[in-house]
Amino acid sequence: MAAAAYRAAENLYCERTGIRANYANRGGVEETFIVTPSGAEWAQDRSTLWNAVEAKERYVNARTAREIRIALPAELAGDERSRLVHEFAQALAERYGVAVDVAIHAPSVHGDQRNHHAHLLMTTRQVSAEGLGAKSEFELSNTQLLAKGLPKTQKQVREVRALWEHKANLALAQAGHEERIDARSYAERGIDLEPTVHLGPGASAIVRKGREAEMAQASQDARSASAELLRIHPEKAIAVVEREKSVFDRRDVARVVHRFVSDPVLFQNILERAIAHESVVALAPEFRDPGSGKVVQQARFATKDMIRIEHKMVETAVTLSERGGFKTAEARVGETLARFEQQRGFALNAEQEEAVRHVTQDRAFAAIVGLAGTGKSTMLEVTRQIYEAEGHRVFGAALAGKAAAEFTKSSGIEARTLASWELRWRNGRELLREGDVFVVDEAGMVSSRQMARIVEIVESAKAKLVLVGDPEQLQPIQAGAAFRAIVEKTGYLELSDIRRQKEDWQRAASVDLSRGRIEQAIGAYQAYGLVAATRTIEEAHAEIVTDWFATRDPSKTAVVLGYRNKDVDAINGAIRDQRIARGEIDAGHQFSSAQRRTKPSDSIEIEETSADQAREISFSRGDRVLLGKGWGELKNGLLGTVTRSLPNEIDVKLDNTGNTVTINAESYRHVSLGYAMTIHKAQGVTADRSFVLASPVDDRHLAYVAMTRHRDEAKLYYATEDFKNQTLVEGLSRSRAKEATTDYHVVIDAFLERRGLESRRSFADRWATYVESTRAWVHEKRERLEAVWQRFESLIGQRQAQAAELATPLFAASTAPSGRAGVDDRIEVPALSKATLATLDQMRQSQEAGVPSRRQAAEQALTDSVFAKEVGAVAAALEKRFGPWQFGLGRHIAGSQGLLEQEYGKAVGAVLARHSETLRTVHYVQELTREQTAEVLAREQRAPAWQAKPLFAAVREFPLTVEQVAREGAANTYRYKTSMDSVREAAFRAVRRPEQLVKEVETYIRAHAYEKTLDQAVEPHVMARGDGIAGLRGSTAMFDFAGKRERAEALQALLVVAAHAAHAARAYQHGLEKARETEQASRSVLAIEIPELSRRALTYIAALEQARGKPKVAEKVMGDIEADKAVKQELDAHHRAMRARFGIDYAQPYAERQMREAVREQERARIPDAVRAGKAMEEAHAEITMANELAMKAKQGVTFG
């Protein structure tokens, strides 16, 4: 009874106890109501219900109610929150047959203003027309539930949480918000983060002091944890980059790693391993200036997953564009155009009419690329009328709630945010049907992942997709350039006849801006005196304010645009101060505003963090205001005028609807002055006059949006101090156009130039210079080249002569057998070249000087590989044709010609007689070769076999076990130590012997570290044993009032100790798991052995080192390595082992220094030998690549002679 009275702020009398619970004066209760099953209306009276509940229970300790507390989405308006809670409570009442007493509470005045919440008291018994019945399913034990075939209590709790998630997300989507809640825990979502501790109001007040310092240290701890996570999983850096870019380069990854890692060695290690990860695919190589060798364009990379998503997205869009089923009659189009002109008083121009016919043609896909101010929405209004007349349903979507609202207003197409549509489709609601038309406005801002989902859903529903946008305006926040990637494959119609600007030169300038011709566009505005330069940014602010007042016209609208929030805030404040000084508005009243600020997260696992920056702003009647967040009717980016101002409450007349809404700071704080706004907020805004402040961080996309918002006039301002290192045109010409992986199917100069990259066309001047210098070099070296060519021709002539000599064999093969025993006439004996015959003659002449001279001559001759090969071939052929020497020719060769002819036939005998001395010398050389080979084999057999010794042995023995290291690491994490410090601090206020309590908490946590419910078990353990172990402060003596007060404070402090102990338990378990994972990963790396290279492999490496600066020689050696399979496998294995153990890039100067920190002191002397092979091969590969590139460029652009 008391609980119900307190939550509902009522005065209730309990008939069972005779006690009145009077909380009628309690504030902060927004709404109360009771929901019951049908037929149990009697229970909707609070006093009747809870007195019946009290009377029904027989035991004094019986549970009479179960409470559910829910945090309500702050984005929803009050009536939307009320409706959401009503639906949730009704669902609970119907599911369990109970009464649900609801109290909706407002945030505390001194607390977080987003803390709207509700208390739901559920009866434990079912409620019907007859009264209270049996216990509800929620109250039964698991044994009873299982016996009835019902889910256990834990599963029922998960079902209730899932129900709330569904209801809340549905309400958010219906209200046009993109925010969503998730009932799953971090662990269930795969997020490696530690959940926070929820403390009550009392405990929160105790720990609030010193929160700022704790948050700063927690931020540093998060960065340290992320650095360690990146060391183990470098691919997580790629995942962060991929959130913003489909195609990225090395610098993008480096920025992410540098955000978390400050150590240069670890930074390089993580960067190299991230780029080399198996999920990363190289799309384009690095491009260097052929003349200077400088990098002109970085190598481009993407992940396999993104390549698959974008290519499938484009393929599906192409499939849609080839499918029909949406044919409209030409008569219908003409009739609708005529009716539109009659109703609206103006006709579409020729370009818009063509666009209407393009969208309504018989294809399931259409794309319109419309420049800013070309009347896209008007064209789509006619398109909607045509399709609806043909019986099709037409739906619209945009990325933001404001854009969707404007889309609906301007075109009449029912539009929601893409996120809202996707939520409905996931829940099986408002699904697309065959024949539906789905129009996406501002499609250029949609990311690839979201666009891929939309395209797939439309294709599966056999509906039609219409994309409308401009890829040159604001780029997608997330990864990809989906709209451009699709329309470049499917085709599109462009609207370029700008209707927003009235002057022809302004329309031409807008076209220049859309095409990236910033210099021409800025030049046009300069010619009309609409570009103003000041020395400082403060002077620029002052000039904008002066011009704003000087050109002000009540019948005209004006907007001031800037990129930086600080500029926008300064201009807003200056305009308001001037209006007060002029007496146009009064000083107004203060409003507790909040501005959302987003910054990169301190954790690699979280994309970014957003926080509301509180500030006091004064608003007066007549002030212009800008809304900064979606909330019910209020949309992010809407403008309005203040019609009434009170402290923390204003009435605002909205520009888009004309409705007046009351905004109270307790429910909605995201309001700021609206005289000036950021360029991002201005997407879709149109005004008569605009004042644009340029900043050094602008780009051509922002300039395009900012300078096309006006109808009559736009003026550009900039401070020269902001553009010291570049001109205004250079700064605003910078392209940040996002790429898509599909760009790398066909490399077209236009693609590259559109993205601000170097192309062959834009590289023409530098290329021409290089060609001229190359021609000059060739001219200077012509004589040398001609001499080399003559020598080459001479060598070719010699080789051709030798080939001609060898063309006629010594003994030709015969198909007809001679019939002579031991002779195989089918074997051909090749002839010897003149050079080889001359060498053999010299050997015979040296025989006269003795055997040593002949042997020396033969050994010398065998050093010539051509000679050795010829003689070996002839000797082998002789043995095959005439048999072994000692049994064949060796017995007869010394005989006369007649004997030889008698033995081998007339023709063969004559040849043998003529070449007998030569053949005997051939045999001698062959025998000498065999002798040398035998000596080498014998020497190798006598020598001990080479065995690979490890350069760096595997480390498998450690002084501590993994568990010991993990426990030590867990105890030293910042989170655990901070939690224990909080335990210690609270323990001093709770008990007399605080260190004993702290020791007990630490002992309990470490003893039960592997229990899943440790955090739940440690709290009751502290509460149960705190007094016995350490002695609670205070007293329970009857008349010791001071002691009782101290005891109450001690119990409150003990609750804080228990809460922090639970937090410490989770921190210890989390740290233990991470430390164990880290240590195991480190030990697995140390277990990799780096073997010593064989002598044969080192010979090749030495040859590569000697070939430095000689790319042709290096290429030959690399080819020999590729041919030698054993050495190639050995070097590859060595390289893989080095990568796995040390993760190094041999080409980087830090490689050896990194290894010195990773090996034992006695092994450091082996580092040069370990990196020698990899460094030599990397350098050789780089030289060969550069030489080949130069040769290819010379071949393409230079003609000789």
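Two residues count as being in contact when they have heavy atoms within 4.5 Å of each other. The structure looked at here is a predicted model, in which local features need pLDDT of at least 70, side-chain atom pairs count only at pLDDT 80 or more, and totals for chains, interfaces and linings use all residues. Residues are numbered from 1 along each chain as its sequence is written, and side-chain values use heavy atoms, with hydrogens and water left out.

Of the 1201 residues, 45% are buried, meaning under 20% relative accessible area with a 1.4 Å probe, protein chains only. Among contacts between residues at least 6 apart in sequence, 70% join residues at least 24 apart.

Now to one spot in the chain. Asp441 sits in the loop between strand E16 (437–440) and helix H17 (448–460). This residue is buried, its relative accessible area being 11%. Setting aside neighbours within four places in sequence, Asp441 touches Ala397, Ala398, Phe407 and Val468.

A cavity here is a set of points, on a 1 Å grid over the protein atoms alone, where a 1.4 Å probe fits but cannot get out; lining residues have an atom within 4 Å of a point. Grid points are joined across faces, edges and corners, and a volume is the space filled by probe spheres set on the points. The second largest cavity has a volume of about 70 Å³. It is lined by 10 residues, and the closest to its centre are Gly444, Pro471, Gln475, Ala481 and Arg484.

How values were computed. Helix = DSSP H or I, 4+ residues; strand = E, 2+ residues; numbered from the N terminus. Buried < 20%, exposed > 50% of the residue type's maximum accessible area, 1.4 Å probe, protein only. 1 Å grid on protein atoms, 1.4 Å probe; cavity = no way out; pocket = protein on both sides within 12 Å on 5 of 7 lines; lining within 4 Å.
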